[in-house]
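Here is a short tour for you. Have a look at the model first, and then we can walk through a few of its spots together.

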Amino acid sequence: MKAWLLQCKFEVLRNLRNRRFFFVSILLPVGFYFLYVHLIGKSIVIDGVAWPKYYMISMATFGVVGTGLNGLSSRVAYERTQGWVKLMQTTPQRASNYITTKIAANLLLNILEVAILFVAGAAFEHVTMSLAAWILVAITTILGGLVFIALGILVGHLAGSDASQIVASILYFLMSITGGLWMPVSTMPPVMRHIANFMPTYHLAHIAWSVMGNKGVSITDVSVLFLYLVVFTGLAVYLANRRSDVRVA
């Protein structure tokens with residue numbers, strides 16, 4: 001357990017010391033939040049939710065997506081191509097520690113990212129909710145990040161060390177835009193609104209938007225996220241095992 005915690009701490013520090021990751025996943029969402037709250041106007045209401053509160057969730061989700069994709073894809077790809085996984089298998093540590101510490105570290109970073117956005121919203125934009133609502137939207141946003149952690153690992157197994165960061169960045173911004181994180185889905189053209197219904201980014205943010213609008217959690221949102229999690233995880237495990245079999249052969 002001590003070795004696992006030490007490795008988890010190492011993974012967290014690696015991310016925080018990565019300037020690009022820290023900027024894109026932590027600082028960029030906060031900057032966008034303040035910019036667009038004041039650019040659009042605090043008096044705007046989207047689906048029964050005040051704009052500062054609505055966009056706080058958009059940017060918290062945006063950050064969680066970035067943490068999973070940018071924090072894992074290139075690292076998994078680099079370590080895979082450099083034989084790091086094979087080296088880990090020669091140590092006394094369990095093979096599962098390699099991936100579970102990465103997942104745990106990214107969840108801890110999700111907590112940090114969501115906390116920063118929520119503090120920014122509450123302290124500077126006067127966002128208010130009941131304690132139960134704050135806790136619920138925080139938990140769903142943080143744990144919903146597991147979908148994008150799985151996607152980041154999958155990209156790391158699909159692409160090489162050079163291409164993985166490019167692929168992850170394209171997915172990051174495409175899913176954020178089409179998922180309604182940069183602009184409300186209700187303001188999009190009909191085709192874009194239809195596409196949003198298939199985006200995990202939209203369904204993750206929609207859970208929190210619904211809670212804040214006193215609409216309750218939709219089973220559709222939860223089901224879509226769970227389906228994406230199963231598919232991304234299944235593909236990542238398949239590719240990891242396939243490459244392991246090839247090395248053995």
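## Ground rules

Helices (H or I, at least four residues) and strands (E, at least two) are DSSP runs, numbered from the N terminus. This is a predicted model, where local features need pLDDT of at least 70, side-chain atom pairs count only at pLDDT 80 or more, and totals for chains, interfaces and linings use all residues. Residues are numbered from 1 along each chain as its sequence is written, and side-chain values use heavy atoms, with hydrogens and water left out.

## Ser58

Ser58 sits in helix H3 (residues 51–81). With a relative accessible area of 1%, Ser58 is buried (buried means under 20%, exposed over 50%, partly exposed in between; 1.4 Å probe, protein chains only). Leaving aside neighbours within four places in sequence, Ser58 is in contact (heavy atoms within 4.5 Å) with Gly180, Leu181 and Trp209.

## Two positive phi angles

Most residues other than glycine have a negative phi. Asp47, not a glycine, has a positive phi of about 50°. Asp47 lies in the loop between strand E1 (45–46) and strand E2 (49–50), and is partly exposed at 48% relative accessible area.

His126 also is not a glycine, and its phi is positive at about 55°. You will find His126 in the loop between helix H5 (97–124) and H6, where His126 counts as exposed at 59% relative accessibility.
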